[in-house]
Structure formats: C-alpha cells, structure tokens
Amino acid sequence: MYTQGLDIPKGDKSIPVEKADSAEALRFQARIDADEKIEPKDWMPEGYRKTLIRQISQHAHSEVIGMQPEGNWITRAPTLRRKAILMAKVQDEGGHGLYLYSAAETLGVSRDELVEQLLDGSAKYSSIFNYPTLTWADIGAIGWLVDGAAIMNQIPLCRCSYGPYARAMIRICKEESFHQRQGYELMLALSRGSAEQKAMMQDAFDRWWWPALMMFGPHDTKGDAEGIKSQHSEQSMKWRIKRVSNDELRQKFVDVTVPQAEYLGLKVPDPHLKWNAETGHYDFGPIDWNEFKNVLIGNGPCNKKRLKMRREAHERGAWVREAAMAYAAKKAKRNAA
Amino acid sequence: MSRKEWPLYEVFIRSRNGLNHIHVGSVHAPDPKMALENARDAYTRRGEGVSIWVVASNAITASDPGEKESLFEPLAEKVYRHPTFYDIPDEVKNI
Ligand SMILES: [Fe+2]
Ligand SMILES: [Fe+2]
C-alpha cells in the first residue's frame with residue numbers, strides 16, 4: 001500500500017533471494033516461525049535488512065509526501081473547526097514519517113541517506129499521493145478512503161517480525177482512526193447538504209475510488225499475466241514482514257467500504273460491483289494497472305509537483321539546520337572552556 | 001547541501017507518574033534542548049507523557065545479543081532463586 005513494493009525492476013539482484021541453508025539463517029527462520037520478534041542488534045539475513053529498509057523508508061516517504069495533497073486545503077478549510085482538524089491530521093502524517101525513519105535507522109541506514117533517496121527520485125512513495133485534491137470534498141474522500149485503506153494494511157503490520165517497525169505501526173494505528181473518522185464525518189456533512197455539495201462529494205468519490213483500490217498493490221497471484229506483480233511478496237510473507245496478501249486486504253476494504261458509501265448516498269464508479277451471496281463478498285471490476293504503473297514510474301498527475309515542493313522545502317530549510325548545528329557547536333565549546 | 005547530519009537522540013517517556021520512562025523511538029536534533037522539543041512534538045501529541053528523557057544515541061552501551069547465553073543463561077539454572085523451589089506442607093499457612 002504505502003509501500004507497494006514495485007520499485008524493484010525485474011532481474012534486480014540487490015535484494016538477494018535468501019538461500020536459507022546456513023546455520024544462522026535456519027536459526028533466524030526458526031525464530032520467525034516461532035513468532036519471536038527480531039530486534040536491531042540481532043543477526044539477520046542481508047535480504048531481510050534490505051527489504052525492511054526499503055519498505056520502511058518508502059512508507060516514511062509516503063507519509064511525508066502525503067502531507068501535500070491535504071496541506072493544499074488548510075488555508076481554504078470552510079470553518080475554523082475543520083481547519084484545526086486538518087492541521088492536526090497533516091501534523092500526524094509528518095509524525096508518522098518521523099516514527100518510520102526512526103525505525104529504519106535502527107537497521108543501520110542514516111536519515112540523510114533516506115531523505116536524499118526521496119529527493120533525487122530514486123526512492124518511491126505510494127502512488128496515491130500523486131493525485132490532485134481539486135475540491136474540499138477530496139479532503140473527506142482522502143480521510144475516509146485513503147486513511148481507511150492505510151488502516152487495513154497497517155493493522156497486520158503491527159505484528160510484523162521486526163520489533164521497531166511493529167512498534168512504530170502500533171503508534172501510527174492508534175492515530176489513524178481519527179483520520180478516517182474525520183474524513184467520513186466531512187463526507188456526511190456534504191451528504192446532508194445542497195445538490196451541488198452532493199455532486200461534489202460524488203465527483204471526489206469517483207476520482208478516489210480506483211486509486212484507493214490500487215493502494216493495496218498488484219495482485220498476488222494473477223499479477224504475472226498483467227506484467228506487474230508484487231515483488232518478493234512470498235519472501236516477505238515467509239519473514240513475516242508482510243502478513244496478509246494484497247488481494248485479501250483489498251477485498252476486505254471493498255467489503256467494509258461499499259456499505260459506508262451507500263449510507264452517504266454514493267454510487268460506486270464500478271459497473272461490475274455486485275454483492276456475491278455465495279462468497280459473502282463484493283465482486284468488483286478489473287483495476288487499470290496501466291494507470292497504476294504510469295503513476296508509479298512518475299507520470300501521475302502530480303508526481304513532479306510533489307517532488308519539486310519537497311525539494312524546495314528541504315533546500316529552504318538548509319540554513320536553519322546549519323545554523324542550529326553551528327550554534328550547538330559554539331555552545332559546546334564555551335561550556336568546555 | 002550540508003552533509004553534516006544532526007545527531008541522533010533516543011527518546012524515553014513516562015506516561016504518568018508512578019511508571020518508568022519507556023523507550024519510544026528517536027529524534028535528530030542539534031543539541032539536547034532541541035531534542036527535547038522535537039521529542040515533545042513527535043511523540044506526545046495526545047498527552048502520551050508527563051516527562052521526557054532524551055539521551056544521545058552514541059552514549060548508550062548495549063549488550064550484544066550474541067552474548068545472550070553467557071549473560072543470561074546461567075540464571076535459568078539457579079532455580080533456588082524462585083519461591084516455587086521450596087516445598088512447604090499445605091498445613092503451614094501464610095508462607
Ligand atoms: Fe499516516
Ligand atoms: Fe493518516
């Protein structure tokens with residue numbers, strides 16, 4: 001989802017597929033199988049470490065970039081109440097980024113390295129944040145759908161085998177529920193409003209529905225046929241970094257979200273959507289994976305804008321970081337004298 | 001861009017009086033005072049704490065997980081350190 005695991009080009013060997021036959025690797029896998037947590041200084045296979053660094057940092061980058069689409073509406077929030085809520089939510093997302101960078105750093109990578117990978121475009125972040133927020137209803141749609149999908153994905157991550165990541169996710173999950181509820185409440189207000197407000201809500205829903213489903217990443221099994229497949233999914237499952245499949249999570253999201261949409265009087269923009277009494281789930285239509293791939297490789301509506309803004313903010317803050325360091329050094333010297 | 005990264009501080013929070021400070025994560029900051037301020041913003045946005053400690057990460061000395069056995073295993077054999085090691089007749093009360 002926030003870490004759709006797709007930036008690994010086919011044939012990339014930078015994450016070795018482990019041959020789990022060394023004594024250490026066997027012992028490691030036994031610990032994982034016994035549901036033991038792995039902590040920073042423990043022995044771990046290089047692939048495990050690399051997979052985690054990649055996943056946690058992508059997740060962190062997503063939280064940080066994710067502040068932009070919503071930040072876009074802070075100055076135009078319709079009431080002071082909505083403005084305070086939106087500011088708190090955006091601040092939370094920044095905090096989530098920090099928790100996650102902190103977890104990634106326990107694996108022996110520096111914050112600067114990770115930030116640089118984001119700024120030079122070599123690291124990926126979730127495709128969802130490359131869509132624009134055109135109206136106020138988008139703020140409701142994001143909280144309800146995007147944070148809703150995030151929660152679906154993050155709850156199993158709270159049981160991830162790597163201790164610092166699992167603990168960061170527990171912290172994050174506690175905060176996400178507010179995000180989703182404020183979004184749904186915003187939609188609820190629109191659903192009780194004028195015809196124009198209802199139309200604005202439907203329009204936002206139409207634009208966010210499919211991108212939200214894409215957040216769960218490619219199909220786990222039939223992905224190959226579409227030329228896009230969740231990479232290293234199996235290995236991640238075995239290491240208990242990932243605990244539930246993409247398709248399972250997506251189905252769960254559809255099942256809980258459709259009734260919520262109906263309550264708002266919304267029509268799901270999918271002609272194939274239909275309750276299936278036999279399976280006890282909603283059937284839904286095919287996902288446009290071409291759009292997904294396109295957004296991921298940088299051609300989404302806002303990719304360039306998001307990175308540009310992030311870079312500018314980073315550069316504009318450089319003098320503050322340097323001045324603070326210079327001041328700390330001066331003070332330390334004076335104290336030593 | 002400056003390549004000089006702000007140092008890392010580990011953050012410990014006491015959620016309420018009567019409880020120990022517990023490790024919650026880390027922050028980067030140029031000095032301990034700003035580390036405290038950053039920790040407050042990052043880790044206590046919802047009244048998660050009444051007291052914060054920050055400690056420079058490089059000031060922490062940690063035990064090596066590889067030495068887990070030599071450090072902790074001998075204690076597992078000292079069963080006489082636990083009350084259940086001692087058989088006392090049921091008739092004897094309050095012991
Ligand atoms: Fe978040
Ligand atoms: Fe959120």
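**View 1. A:His96 and A:Glu176, two buried residues of a predicted model.** A:His96 is buried at a relative accessible area of 0%, where buried means under 20% (over 50% is exposed, in between is partly exposed; 1.4 Å probe, protein chains only). A:Glu176 also counts as buried, with 0% relative accessibility. Since this is a predicted model, local features need pLDDT of at least 70 and side-chain atom pairs count only at pLDDT 80 or more, while totals for chains, interfaces and linings use all residues. Residues are numbered from 1 along each chain as its sequence is written, chains are lettered from A and ligands numbered from 1 in the order written, and side-chain values use heavy atoms, leaving out hydrogens and water.

**View 2. The donors of the iron ion (ligand 1).** A:Glu63 (OE), A:Glu93 (OE), A:His96 (ND1) and A:Glu176 (OE) sit 2.1 to 2.6 Å from the iron ion (ligand 1). Donors here are N, O and S atoms within 2.8 Å of the metal (3.2 Å for Na, K and Ca); water is not among the atoms, so sites may look incomplete. Along the chain, their spacing reads E-x29-E-x2-H-x79-E. A:His96 belongs to helix α4 (residues 80-105) of chain A and A:Glu176 to helix α7 (residues 163-191) of chain A, so the pair ties together parts 80 residues apart in sequence. Helices are DSSP runs (H or I, at least four residues), numbered from the N terminus.

**View 3. A pair of iron ions.** The iron ion (ligand 1) and the iron ion (ligand 2) are 3.3 Å apart. A:Glu93 coordinates both.

Definitions and conventions
Helix = DSSP H or I, 4+ residues; strand = E, 2+ residues; numbered from the N terminus.
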